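Take a look at the model below before reading on. The paragraphs that follow go from the whole chain to single residues.

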Amino acid sequence: MSLVIRNLQRVIPIRRAPLRSKIEIPDFPDDYNLGDIFLGVEYIFHQCKENEDYNDVLTVTATHGLCHLLGFTHGTEAEWQQMFQKEKAVLDELGRRTGTRLQPLTRGLFGGS
C-alpha cells in the first residue's frame with residue numbers, strides 16, 4: 001500500500017513497503033487487500049462549513065470509505081441504516097481512543113453514491 005498526501009505546494013509519496021515484506025501471507029493474499037480509498041482532500045476542505053473541523057471531516061469521510069470497502073452500501077434505507085450504525089460504532093471507538101467526538105455523515109451528503 002502507498003499513500004500520497006497532496007497539499008497546495010507539492011505531492012509527497014509515503015511508502016510502507018518494508019512493513020509488508022516482514023509479514024508471511026498465506027496462499028490467499030487477496031483476502032488482505034480490501035481496496036483503495038481516494039479522498040479529494042482539497043474538495044473536502046472547500047466543502048467544510050465554518051464550524052466543522054477539517055481533520056474530523058477527513059476522518060469521518062475515510063471511515064465512510066472503509067465501510068464501503070467492507071461491503072456496506074446505502075442504496076436503500078435499510079442498507080443506509082446498517083452502514084450508519086457501523087460508521088457510528090467505528091467513530092465512537094475512535095473517539096474513545098482519541099478523546100474526540102466524531103459524528104457519521106448524514107444521508108444528504110452521500111445518499112445514492
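**A walk through the predicted model**

Start with a side chain. Y54 is partly exposed, with a relative accessible area of 25%. F45 is also in view: it counts as partly exposed, because its relative accessibility is 48%. Exposed would take over 50%, and buried under 20%.

How many aromatic pairs are there? The count comes to 2. One of them joins F45 and Y54, and this pair is edge-to-face. A pair of aromatic rings is described by the distance of the centres and the angle of the planes. For F45 and Y54 the centres lie 5.2 Å apart, and the planes make an angle of 85°.

Now step back to the whole chain. This is a predicted model. The protein chain holds 5 helices and 2 strands. Along the sequence the pattern reads β-β-α-α-α-α-α. Of the 113 residues, 18% are buried. The accessible surface comes to about 9100 Å². Carbon and sulfur atoms account for 55% of that surface. Contacts can also be sorted by sequence separation. Take those between residues at least 6 apart: 43% of them join residues at least 24 apart.

How far does the predictor trust its model? The mean pLDDT of the protein chain is 75, and 65% of the residues score at least 70. Among the elements, helix 4 (residues 77-98) has the highest mean pLDDT, at 90. Helix 1 (residues 17-21) has the lowest, at 49. Residues 16-20 have a pLDDT below 50. Beyond near neighbours in sequence, that stretch has 2 contacts in the model. Residues 109-113 also have a pLDDT below 50. Their stretch has 8 contacts beyond near neighbours in sequence.

Turn to helix 3, residues 54-69. Its 16 residues reach 23 Å from first C-alpha to last. That is close to the 22 Å expected at 1.5 Å a residue. Which residues of helix 3 are buried? They are V57, L58, V60, T61, T63, H64, G65 and C67. After helix 3 comes G71, with a positive phi near 105°.

Helix 4 has 22 residues. From its first C-alpha to its last it reaches 31 Å, close to the 32 Å expected at 1.5 Å a residue. Its buried residues are W80, M83, E87, L91 and G95. Where do they sit around the axis of helix 4? They cover an arc of only 110°, so they lie on the same side of helix 4. An α-helix has 3.6 residues a turn, so residues three or four places apart point the same way. The face of helix 4 turned away from its buried side carries exposed residues: A78, Q82, R96 and R97. Helix 4 is followed by G99, whose phi is positive, near 75°.

T63 lies in helix 3. Is T63 buried or exposed? It is buried, because its relative accessible area is 6%, and the cut-off for buried is under 20%. What does T63 touch, leaving aside its neighbours within four places in sequence? T63 is in contact with E87, V90, L91 and L94. Two names return from the buried list of helix 4, E87 and L91.

Notes. Residues are numbered from 1 along each chain as its sequence is written. This is a predicted model: local features need pLDDT of at least 70, side-chain atom pairs count only at pLDDT 80 or more; totals for chains, interfaces and linings use all residues. Side-chain values use heavy atoms; hydrogens and water are left out. Rings of Phe, Tyr and Trp (its six-membered ring) pair if their centres lie within 6.5 Å; planes under 30 degrees apart count as stacked, over 60 as edge-to-face and the rest as tilted. Buried means under 20% relative accessible area, exposed over 50%, partly exposed in between (1.4 Å probe, protein chains only). Helices (H or I, at least four residues) and strands (E, at least two) are DSSP runs, numbered from the N terminus. Contact means heavy atoms within 4.5 Å. Accessible areas come from the Shrake-Rupley method with a 1.4 Å probe; for residues, only the protein chains shown count as cover. pLDDT is the predictor's confidence in each residue, from 0 to 100. The expected span of a helix is 1.5 Å times one less than its number of residues. The arc is that of the directions from the helix axis to the C-beta atoms.
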